[in-house]
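Colleague: I would like to learn how to read a structure like this one. Please take me through the features in turn.

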Amino acid sequence: MVDILHRIGVAKASPDDVYAALTTIDGLSCWWARNTAGSADVGGVIAFRFVPGGFDMKVIELVPGKRVEWEVVDGPAEWIGTHVTWDLSQSGDYTIVLFAHQGWAEPVEFMHHCSTKWATYLLSLKQLLETGTGAPDPDDLAISDWH
């Protein structure tokens, strides 16, 4: 198994602010995908729809201000059964976000693409919290023909 791992620091936002952007439909639609619907409660499923396709995430764990975990239950075959987590902590004036997309069977080309796209979306999350405006799909940075 292989994982995608990223770390960002978000200024001007507490862990609770970041947590809210990760655990509400409104928050998620402002930095990841405008077309977001579903239940963001533990056991609920959130549907994210993008220009090239979509993903359904089952909410596995929520620890306010500290941790969010989802399991991918629908989407591209490479994503099914993988887990997406965010661990949050405070470091000085920054909320540190440790992001992981874990459980990929192998590092296929699509994983390389997804790693870069996750980085752009994490920067969109940072931008949303620091400036009030994110860059969710369809306004995100296209990096290839896969979008």
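Modeller: Start with the elements: helices (H or I, at least four residues) and strands (E, at least two) are DSSP runs, numbered from the N terminus. This is a predicted model, where local features need pLDDT of at least 70 and side-chain atom pairs count only at pLDDT 80 or more, while totals for chains, interfaces and linings use all residues. Residues are numbered from 1 along each chain as its sequence is written, and side-chain values use heavy atoms, with hydrogens and water left out.

Colleague: Which elements each supply at least two residues of the lining of the largest pocket?

Modeller: A pocket, on a 1 Å grid over the protein atoms alone, is an open set of points where a 1.4 Å probe fits, with protein on both sides within 12 Å along at least five of seven lines; its lining residues have an atom within 4 Å of a point. Here β4 (53–63) and α3 (109–131) each supply at least two lining residues, and α3 gives the most, with six. The lining has 17 residues in total, and Pro-52, Phe-55, Phe-110, His-113 and Trp-146 lie nearest the centre.

Colleague: What is the volume of the largest pocket, and how do its lining residues divide?

Modeller: A volume is the space filled by probe spheres set on the points, which are joined across faces, edges and corners. For the largest pocket it is about 300 Å³. For the residue classes, Ala, Val, Leu, Ile, Met, Phe, Trp, Tyr, Cys and Pro count as nonpolar, Asp, Glu, Lys and Arg as charged, and the others, Gly among them, as polar. The lining divides into eleven nonpolar, four polar and two charged residues.

Colleague: How many aromatic pairs are there?

Modeller: Rings of Phe, Tyr and Trp (its six-membered ring) pair if their centres lie within 6.5 Å; planes under 30 degrees apart count as stacked, over 60 as edge-to-face and the rest as tilted. The count is 19 aromatic pairs. One of them is Trp-32 with Phe-50, edge-to-face at 5.3 Å centre to centre and 65° between the planes. Trp-32 lies in the loop between α2 (25–29) and β2 (35–38) and Phe-50 in β3 (residues 45–50), so this pair ties together parts that are 18 residues apart in sequence. Phe-50 also forms an edge-to-face pair with Phe-55, at 5.5 Å and 70°.

Colleague: Is Trp-32 buried or exposed?

Modeller: Buried means under 20% relative accessible area, exposed over 50%, and partly exposed in between (1.4 Å probe, protein chains only). Trp-32 has 2% and is buried; Phe-50 has 12% and is buried too.

Colleague: How many bridges join β3 to β4?

Modeller: Two strands pair if DSSP finds at least two bridges between them. Six bridges join the antiparallel β3 and β4, which form a hairpin with two residues between them. Val-45 has Lys-58 in β4 as its bridge partner. On the other hand, β2 and β3 are joined by four bridges and also run antiparallel; Thr-36 stands opposite Phe-48.

Colleague: What span should α3 have?

Modeller: The expected span of a helix is 1.5 Å times one less than its number of residues. The 23 residues of α3 should span 33 Å, and its end C-alpha atoms are 33 Å apart, which agrees. After α3 comes Gly-132, with a positive phi near 95°.
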